[in-house]
Amino acid sequence: MADKHSKETRSYNMSRIRSKDTKPEEIVRKYLFSKGFRYRKNDSRLPGKPDVVLPKYRTVVFINGCFWHAHEGCRYFVWPQSNTAFWKAKITGTIQRDKQCHQMLTENGWKVLVVWECELKKTNRESTLCQLEKQIKGLVDENSPL
Ligand SMILES: [Zn+2]
């Protein structure tokens, strides 16, 4: 029971952090919708429950938080300096799971696209979304940087 309060405090803090701006996945969905794309949200039938599923293009899009998904080389990702064992286990677990899901999806013929939270900051949002649109349509290589 001792942990109950701290758990609640933690999720309260996290919801506050998340709600200070439009959620990254909402930014991506709104853009795609405005461009005429139709999609399913958080499809639990697919590995990793992709944020956006575009059946017509057999493409899924994951919108990843830089911290939770350990965006390599990103200034928004640093290993926490306290509780290091806990965070290392948690974050490496997420990295492993991401890898497995992407692999399963690819093997099933899905194109897997990842948009990082830092690529949706006001300064680079527009070019990211434009590039994403091209990747979905297959106009540019899916591995070309956003
Ligand atoms: Zn990042």
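Q: Let's start with a pair of residues. In β4, what is the bridge partner of V60?
A: V60 has V112 of β4 as its bridge partner. Keep in mind that this is a predicted model.

Q: How do β3 and β4 pair, parallel or antiparallel?
A: The two strands β3 and β4 run in the parallel sense, and six bridges join them.

Q: And β2 with β3, over how many bridges do they pair?
A: Three bridges, with β2 and β3 antiparallel to one another.

Q: Which strand does β1 pair with?
A: β1 pairs with β2, residues 52–54, in the antiparallel sense over two bridges. K41 is the residue facing V52 of β2.

Q: What is the order of the strands in the whole sheet?
A: The order is β1-β2-β3-β4, in an open sheet of four strands with mixed pairing. The edges are taken by β1 (40–41) and β4 (111–116); each has a single partner strand, so one side of each has no neighbour in the sheet.

Q: What holds paired strands together in general?
A: Strands of a sheet pair through backbone hydrogen bonds, in either a parallel or an antiparallel way.

Q: Back to β3. Is it buried or exposed?
A: Six of the six residues of β3 are buried, so the strand is largely enclosed by the rest of the structure.

Q: Which way do its residues point from β3?
A: T59, V61 and I63 point one way, while V60, F62 and N64 point the other way, and all of them are buried.

Q: Which helix lies across β3?
A: Helix α2, residues 24–34, lies across β1, β2 and β3 (59–64), and runs at about 145° to β3.

Q: Which residues of α2 are buried?
A: The buried residues in α2 are P24, E25, I27, V28, R29, Y31 and L32. Just after the helix comes G36, with a positive phi of about 95°.

Q: Let me step back. How many helices and strands are in the chain?
A: The protein chain has four helices and four strands. Along the sequence they follow the pattern α-α-β-β-β-α-β-α.

Q: What share of the residues is buried?
A: Of 146 residues in the protein chain, 36% count as buried. The accessible surface of the chain is about 9,800 Å², and carbon and sulfur atoms account for 52% of that surface.

Q: What about contacts between residues at least 24 apart in sequence?
A: They make up 49% of the contacts in the protein chain between residues at least 6 apart in sequence.

Q: New topic, the zinc ion. Which residues coordinate it?
A: C66 (SG), H71 (ND1), C74 (SG) and C118 (SG) coordinate the zinc ion, at 2.0 to 2.4 Å. The spacing of these donor residues in sequence is C-x4-H-x2-C-x43-C.

Q: Why is the arrangement around the zinc ion tetrahedral?
A: The four donor atoms subtend angles of 104 to 116° around the zinc ion, which makes the arrangement tetrahedral. For comparison, the ideal angle for four tetrahedral donors is 109.5 degrees.

Q: Are C66 and C74 buried or exposed?
A: C66 and C74 are both buried.

Q: On to helix α3. Where is T94, and what does T94 touch?
A: T94 is in helix α3, residues 84–107. Setting aside residues up to four places away in sequence, T94 touches W68 and H69. T94 counts as buried because its relative accessibility is 11%, under the 20% cut-off.

Q: What about C101?
A: C101 also lies in α3, and it too is buried, with a relative accessibility of 11%. Apart from neighbours within four places in sequence, C101 is in contact with P47 and G48. From C101 to V112 the C-alpha distance is 9.6 Å, and the two are 11 residues apart in sequence.

Conventions
Residues are numbered from 1 along each chain as its sequence is written. This is a predicted model: local features need pLDDT of at least 70, side-chain atom pairs count only at pLDDT 80 or more; totals for chains, interfaces and linings use all residues. Side-chain values use heavy atoms; hydrogens and water are left out. Two strands pair if DSSP finds at least two bridges between them. Contact means heavy atoms within 4.5 Å. Axes are lines fitted to C-alpha atoms, for helices over the stretch in contact, and angles run from 0 to 180 degrees between N-to-C directions. Buried means under 20% relative accessible area, exposed over 50%, partly exposed in between (1.4 Å probe, protein chains only). Accessible areas come from the Shrake-Rupley method with a 1.4 Å probe; for residues, only the protein chains shown count as cover. Donors are N, O and S atoms within 2.8 Å of the metal (3.2 Å for Na, K and Ca); water is not among the atoms, so sites may look incomplete. Four donors count as tetrahedral if all angles lie between 85 and 135 degrees; four count as square planar and six as octahedral if opposite donors are over 155 degrees apart and all others between 65 and 115; anything else is irregular.
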